[in-house]
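Please view the sequence and the structure together while reading.

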Amino acid sequence: MSSYQAPITDMTFNLFDVWQLDQYWQTNGQLKDLIEVDTAKAILEEAAKICEQQIAPYSADADQRGAQLTDGKVSLPAHYYTAYQSLAEGGWTSLSGDPQYGGMGMPKALSMMVDEMLCSSDIAFSLYPGLTAGACVALLQHADDTTKQTYLPKLYSGEWSGTMCLTESHAGSDLGIMRTTAKPNADGSYALNGSKIFITAGEHELTANIIHLVLAKLPDAPAGSRGISLFLVPKYLLDNNGEPGEPNKVSVGSIEHKMGINGSATCVLNFDDAKGFLIGEPHRGLSCMFTMMNYERLSMGSQGLGAAERAYQNALAYAKDRLQGRINEQDANKAQPIIGHPDVQRMLLNIKAINEAGRTFATWVAALLDKSKYDNCVVSGQRANLLTPIAKAFMTDQGFDACVSAQQVFGGHGYVKEWGMEQLVRDVRIAQIYEGTNGIQAADFMLRKVAADNGAVLFSLLDDISTELTEKPHALAKPLVMIIGELRQLTIELLNKENTVLAGAACDYLTLVSYTLYGYMWYKNLLALDKDKHSRDFIDAKTHTASWYFSRILPKVAGISAVLNADCAMLYNLAPENY
């Protein structure tokens, strides 16, 4: 059976040593009275208890039972109800919510770490509070005051939950061709008709109401994505007291039979003259929904990191316990723990190096989102926008690879359900697919983030990193200066090519930038080590893992650069019928 212990030591190291966010919180007028070091540590420790004791031990049971649809009602694994109630009662569902509507107002850099814990515990369970948090972000920024007052307090409290309804059977990433319609009613509401698929947490009894955020087209909608509007469609319409009343005309067609995250009710939802309410301006629904999706994409990165962290912990424990093989001739008559085998050490070090850099990266992006939100810092917002596709794509790619490698450490035992490793592989696989596939993330990064401003935001970021590396050098990070210079030159050359070439290079380019920035993350880790604050074992582990990253992982950028420098024309030279 797979176990989990929240990595609080590394989390607090990132918050207070690497990024020194406690100092930022105390200088910000909105945060200084809400959060400081002891409060942050207490929040992490209490969240860890729920995750370690009420969710993680039962993730295999949740996977086996799954979500069940009977007579239009969805039932979930029994412990989901008590665990969700514990989250709601403890205020975890309102952690980063606006205090004006009952939220706790905590920074994203802190709530992101709770997200990671939930994902390590059970990705399927994490989706229920996760989708609600995203819906709250969209409503907070785009709904009118009455709607906010009506819905946000109940969503923050966990009494109600939220979804996002985008995809249709014929319209996945191409939302412009969706068929769901919204026609005006006499009372100012709208009648929605259509079907949505892949709706996470689309139906369940965890909460008294479910608030669906639905994309649909008005009768006068322009063609394509510019004609999409956003609507709030509650599962139960509200009575005169603002409480759930009569059922809305939303029904569950089916629950998807999936490879993993079986505890998540992934539904086909049918809207048959369902009553909805316009959110934001007409035909501006996609931009409203992307407000939600940008935060969700950082949460996707947390899924990759969370699964990889649990996989690493279990692979490490197994490697220390499993006796197999003879390490050297002196022990020829005695089996040794497999952690002594070089290939096992290689796999574990690879996972550890990527996981810890990933946690530093996620904290960085979350802190940029905080500074954009609380300080209206334009540069922070631009950089968060630039890095969001990396948080989603690279962190989930690496998370899946880490789970597969950790499964490999177990050998045959990793392939059977008893040890929980195959579930982690199945569960985390979806993170590379939903919220925009990683190929779409790469295209977004290459074309809409880098090429759109001719590299201005990226070059500014690389300049600042280079300056820091020069002013505060570290022996292990010396290769980074040269690599960043080469990345800049390669980017300049790529930006002189046509968009078709850039699209073909997008995935490799995102990977190249990601490995480079993870090198910067390890540089930041090294700078933060302090013998007066950290134990010798902690410092040794960090230094050795950083050395491994710089010597055995970062050099991959050379091969990727060679690929990107090669002629991309062959990508388009084979006719489709000859594939």
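Helices here (H or I, at least four residues) and strands (E, at least two) are DSSP runs, numbered from the N terminus. The side chains of R426 and E422 form a salt bridge (2.7 Å, N to O), the term for a side-chain nitrogen of Lys or Arg within 4 Å of a carboxyl oxygen of Asp or Glu. Both R426 and E422 are buried; buried means under 20% relative accessible area, exposed over 50%, and partly exposed in between (1.4 Å probe, protein chains only). E422 has a relative accessibility of 12% and counts as buried, whereas K417, at 58%, counts as exposed.

This is a predicted model, in which local features need pLDDT of at least 70 and side-chain atom pairs count only at pLDDT 80 or more, while totals for chains, interfaces and linings use all residues. Residues are numbered from 1 along each chain as its sequence is written, and side-chain values use heavy atoms, with hydrogens and water left out.

## Other salt bridges

Side chains of opposite charge can pair when their charged atoms come close. The count of salt bridges comes to 26. One of them links the side chains of R383 and D464 (2.7 Å, N to O). Because R383 belongs to helix 11 and D464 to helix 14 (residues 456-471), this pair ties together parts that are 81 residues apart in sequence. R383 is buried, with a relative accessible area of 12%, and D464 is partly exposed, with 42%.

## An enclosed strand

How many residues of strand 3 are buried? Six of the six residues of this strand (residues 160-165) are buried, so strand 3 is largely enclosed by the rest of the structure.

Strand 3 runs parallel to strand 6 (residues 209-217), and six bridges join the two; strands pair if DSSP finds at least two bridges between them. Within this pairing, S161 stands opposite I210 of strand 6.

## Cavities

A search of the whole structure finds two cavities of 30 Å³ or more. On a 1 Å grid over the protein atoms alone, a cavity is a set of points where a 1.4 Å probe fits but cannot get out, and a pocket is an open set with protein on both sides within 12 Å along at least five of seven lines; lining residues have an atom within 4 Å of a point. Grid points are joined across faces, edges and corners, and a volume is the space filled by probe spheres set on the points.

The largest cavity has a volume of about 130 Å³. Among its 16 lining residues, S59, S121, R310, Q423 and L424 are the closest to its centre. Helix 4 (59-65), helix 6 (108-121) and helix 12 (421-429) each contribute at least two residues to this lining. The second largest cavity holds about 40 Å³ of space, and its lining includes G304, I354, M395 and Y518.

## The second largest pocket

The second largest pocket has a volume of about 820 Å³. Of its 42 lining residues, S96, G97, S111, A133 and V137 are the closest to its centre. Helix 7 provides the largest share of this lining, 11 residues.
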